[in-house]
Amino acid sequence: MERKKTLGRRKIPFEKIKNKAARSSSFSKRRSSLYKKGSKLVREFDVNLGIVLSSPSGKYYSFVHPTTDVVIDSFINPTTELGLGAQFVAAEARNKVIQNNDRLNELDARKKAAKKKIRFMNQINEARVKCWWESMDQFNAEEITKFEDIMNTVEELLNAQLKQLEDGASSSLHSLPKDANE
């Protein structure tokens, strides 16, 4: 049995990161995943949710659903029912979250499809036979000289044909009646 070359995906223990730049970067990534999880909780379980974070640099971030007032009121007095206005605001906020999550899922699906299409096109590109002009750098000096001779011969033949056509056209102009030349 062959051993794995990498450790793979594994759980990273929570401990203070000593490097300030790494700590800030890690905070930013985990903050966005926390927001995603919070949004998922709101959408799937229809809950009121409030998250307040303080970054290593001292900035504050929050995620609140449906509104700050509703979350704080529910926290302070969990048995109180929401007023009609607050219920309306909460319902509207939930609908907005659902719409935004649907849009996010649609964009994720498009991104996945685009990546799949790019992989497919790359596979096709690798599998196709390349034309001679796409691999000119693989020719040696003798082949390039031979190709140059062929191109010079073709150029001479084309020039000769062009001269014949020009001579034929100019002689037909002289044979036209005088009124047609003017």
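**Exercise 1. Find the residues that make up the largest nonpolar core, and say which element gives the most.**

Start with the term: a nonpolar core is a set of buried Ala, Val, Leu, Ile, Met, Phe, Trp, Tyr and Cys residues joined through side-chain atoms within 4.5 Å. Buried means under 20% relative accessible area with a 1.4 Å probe, protein chains only. The largest such set has 7 residues: Phe-27, Val-42, Leu-49, Ile-51, Leu-53, Phe-63 and Val-97. Next, look for elements giving two or more residues, and you get α1 (20-45) and β1 (49-54). β1 gives the most, with 3 residues.

A word on the model: it's predicted, so local features need pLDDT of at least 70, side-chain atom pairs need 80 or more, and totals for chains, interfaces and linings use all residues. Numbering runs from 1 along each chain as its sequence is written, and side-chain values use heavy atoms, leaving out hydrogens and water.

**Exercise 2. Work out what Val-97 touches, skipping residues up to four places away in sequence.**

Contact means heavy atoms within 4.5 Å. With that cut-off, Val-97 touches Ser-39, Val-42 and His-65.

**Exercise 3. Check the span of helix α3 (residues 84-127).**

Helices are DSSP runs of H or I, at least four residues, and strands are E runs of at least two, numbered from the N terminus. Expected span is 1.5 Å times one less than the number of residues. For the 44 residues of α3 that gives 64 Å, and the end C-alpha atoms are 64 Å apart, so the two agree.

Note on methods. Buried < 20%, exposed > 50% of the residue type's maximum accessible area, 1.4 Å probe, protein only.
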